[in-house]
Amino acid sequence: MKKKLIALLLAVVLVCTLAACDGTSGREITGEEIVIHLNNTVQVLDPLSTSAVADLFVIYQIFDSLLEPTDEDYYNLRGSLAETWSVTPDGLTYTFNLRQGVLFHNGDEMTSEDVKFSIDRCATSALGAAAYSAYAGTEIVDKYTVKIYLKYADASFPSVLASYNSSIVNKKIMETYKVGDREAICGTGAYKLSSWEEGGDIVLEATESYHFGVPSIKRVIFRQIVDLNAATIAFENGEIDMFNFPQVADLAELRVNEKWTAVDITKPMVNYIAMQNQHGPTADINVRKAIAHALDRTMLSAVYGGYYDTDVTLISDPTMEGWTTDVEKYAFNVELAKQYMATAGYNTTDKRLALTIVVPVADTMEALCTVLQSNLREIGIDLTVNSMEGAAWHEKVVSREYELAFMQMSYLPWLSTLMNFMMYRSDGYYNVSDLPSNTLTVALPDGTAATIDDILNWAFGTYDYNTRNWFYQEVNKIVNQQCAYVPMTYDKQTSLYDARLENVHFDVSNLISKVYRIDWVLGD
Amino acid sequence: MVRYLIRRLLLIIPTLLIISFLVFLLMYLTPSNPGRTILGVGASQESVDQLNEELGFNDPFFVRYFNFLWDAVRGDFGESYFTRKPVIDTIAARLPKTLTLTFFSLLIAVGVGVPMGILSAVKQHTAIDSACSVTAILLSALPQFWLGLMLLLVFSRQLQWFPSGGVNDGWRSWVLPVLCIAITYAASFMRYTRTALLDTIGEDYVRTARSKGCSERTVIFGHAFRNAQLTVVTVLGMNVGYLMGGTIIVENTFTIPGLGMMVLTAIRNKDVPEAMCSILTIALIFLVVMLIVDILYAIIDPRIRSLYDSAVRKRRNKLSKKEAKDSAA
């Protein structure tokens, strides 16, 4: 018995020794392969069926749109599948001349038929319809020319066409297969799908005839590692070359290593508190201003390990049309907040105000609410937290059944107009400017007074970027003046990658734009 | 025995129906909005409503449930709201990984835990017994997420013997996750085996065997452990069932795309087809495993086998008596 046990132990030691001889540390970098970490499971690789970041990482490599942004700028576009394009002065007709000889990954040539099919598909889909509200139809002029008609001028339409939703898909394939089928993942991008193991690696291979040149990296592996501890170890071991969004706790140690390059990006997403301004105590602008001045953003950021950008004055960001710094900042000032409360008829002793905030259930909410309660208690507001499941919270937000509500707004720059509508128009989903119309007038250059809805309508059809931007800035100023919300923080994210990688670009949505631009720079 | 088995197999059907109804009801009662989840917070309400309509999410509860049942009977478990793939394909891709993880983990756990339990029981009140017991208590007290992380830090980060996750590296990919489960379960098997064996070791028939002059080996393995096996088999069966959906932590830590992660994600996303199909798969496996455990009972213990047979005999006698009564009437 003893001999058998010893033999067993020896066998285990032998196996471990053999494993050690063939360790994983020595993954050879050939310059032709890159392994990119994804912190979530990829679910669907159809540009019109997802908005999940992990999915988009892969979709960006497989599909192309008619237009694409030039180096992180969604308002300065260049042709991708369209070689040239033009728009009529009334802004109602776009003409696109397609690149000739562009092949889908199955070998079919991309033609006007595919473009019409793809754009029509976008316009009628749940995910794309909102951005395509101005779309009237597409006419096929010839094999390589299409005309797209709009019902009314929409200045953001070219940006919509440059978005991943508007990727051009293969008509024949999409009519034969359905979304979710492996065969349906067929684009014109620099990389084609080679293999996709359920929940495991997704392998892309470079296409030999990409219209912007053959990529130097021939094989892209997307590795799905949900547990960030495991991902950190995989990155340190060299099992992955690009590590997206490590834990804050690991960042300090990872940053100092010269083997890796760290890129910090403020996410185009702002956390804010919306305040009921139609009825109840927060209909009084003094209460709203008191809340805005009572919020200590530094403390808020500190409870998250300082990994928040607190320099926030609008529920918008610099990538969005209408961004301006020419607004009141509502800085942390407890005394001023108390004064506003006193003007509204409240104090910190016998006339305290009781308010409720609705928040979705999330890990980060507890700390946030603790800080909020602490801040507001000081100015005489007793805050009750109503924490609810995501869908229930949405219902409250949509029906505006709240006094205060925690909100998050993610920006998609190509949907600037739509975003501004959602935030500020009286019928917008996120409307935070539902204020009495007599408080919302502004003198426009032509001398007219207008409500926010009118300004937004004018901006919608204005093709001149500066004028349109001015309209949106005016809206932001008015809403800020009325203190309809309290912007709190922007989320930040960091990506790390092997320092030998060059030309790594992150677009405004914090996705790698295109891997085909990346090169390995290896020494001799 | 055969009749008993057929009866048990048939019982699986109503059990699964009850489970499916309960799960469907719970999913229905929890607030959810798959359209909103899929399209994100930025999508318009019209788009969300349109997608919910496309997914059939707006139909009344019983319409949805019976549609699900009708499709399931025909082998169509529907498509995931998110991946748009048939959920049966996703389960087919993920189940083998969970089965592999479960099989090898329990193989090692039983292979280590049971002998340790026997050794501990046989050497009761000795240093070996104390060492085994303390080790077992220590190992079963370790949280699995911590153990997984420690294994990763030592064997993947420091020694770099094994990859940090995934299943792309052949057998090496499985070593750490299997060890992570096996260590905690071995401790549990050790404790159950020890307790069961100590119960039987004091029985009269064991004393009789010893007095007959049987060797200690025959006494322990031929008489005492034979009866203690029932406990081990029960625990093994329960653990197989549990591990089908209970490997979430290990799957998450070691990036194993198995069934546990799928269930968790499906429930979180309110992906009804995926949640229903995966939970029913787990339930089915659990029921089948428990059936196998019952069969093993009969194989291990002739008394139980005779009970099964006598139950059938009694039933048969009852029926023949009833028939005789009817014919007499």
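Mentor: Let's start with a crossing: α5(B) passes α10(B) in a right-handed crossing. Right-handed means the near helix is turned clockwise from the far one by less than a right angle, and left-handed means anticlockwise. Helices here are DSSP runs (H or I, at least four residues), and strands are E runs of at least two, numbered from the N terminus. Before going on, note that this is a predicted model, where local features need pLDDT of at least 70 and side-chain atom pairs count only at pLDDT 80 or more, while totals for chains, interfaces and linings use all residues. Residues are numbered from 1 along each chain as written, chains are lettered from A and ligands numbered from 1 in written order, and side-chain values use heavy atoms, leaving out hydrogens and water.

Trainee: At what angle do the axes of α5 and α10 of chain B cross?
Mentor: Two packed helices are described by the angle and the distance between their axes. Here α5 (residues 87–122) and α10 (residues 216–246) of chain B cross at roughly 150°, with axes coming within 10 Å. So α5(B) is roughly antiparallel to α10(B). Angles run from 0 to 180 degrees between N-to-C directions, with axes fitted to C-alpha atoms over the stretch in contact; under 35 counts as roughly parallel, over 145 as roughly antiparallel, 65 to 115 as roughly perpendicular, and the rest as oblique.

Trainee: Which residues make the contact of α5(B) with α10(B)?
Mentor: Contact means heavy atoms within 4.5 Å. From α5(B) the residues include L95(B), L99(B) and L106(B), and from α10(B) they include F221(B), F225(B) and M244(B). By class, this contact has 15 nonpolar, three polar and no charged residues. Ala, Val, Leu, Ile, Met, Phe, Trp, Tyr, Cys and Pro count as nonpolar, Asp, Glu, Lys and Arg as charged, and the others, Gly among them, as polar.

Trainee: How do α5(B) and α6(B) cross, and at what angle?
Mentor: The axes of α5(B) and α6(B) (residues 127–141) come within 8 Å and cross at roughly 140°. The two helices are therefore oblique to each other, and α5(B) passes α6(B) in a left-handed crossing. M116(B), L119(B) and S120(B) of α5(B) meet I128(B), D129(B), C132(B) and S133(B) of α6(B). That set splits into four nonpolar, two polar and one charged.

Trainee: And in chain A, at what angle do α14 and α15 cross?
Mentor: Roughly 160°, for α14 (residues 452–460) and α15 (residues 465–481) of chain A, with axes coming within 8 Å. That makes α14(A) roughly antiparallel to α15(A). Their crossing is left-handed. W458(A) of α14(A) and F471(A) of α15(A) are among the residues in contact.

Trainee: How many residues of chain A are in contact with chain B?
Mentor: 50 residues of chain A touch 49 of chain B. Buried area is the accessible area (1.4 Å probe) that two parts lose on being put together, summed over both. Between these chains that comes to about 3900 Å², with carbon and sulfur atoms giving 53%.

Trainee: How many salt bridges are there between chain A and chain B?
Mentor: Six, each a side-chain nitrogen of Lys or Arg within 4 Å of a carboxyl oxygen of Asp or Glu. For instance, E236(A) pairs with R157(B), the closest N and O atoms being 2.8 Å apart. K178(A) also forms a salt bridge with E79(B).
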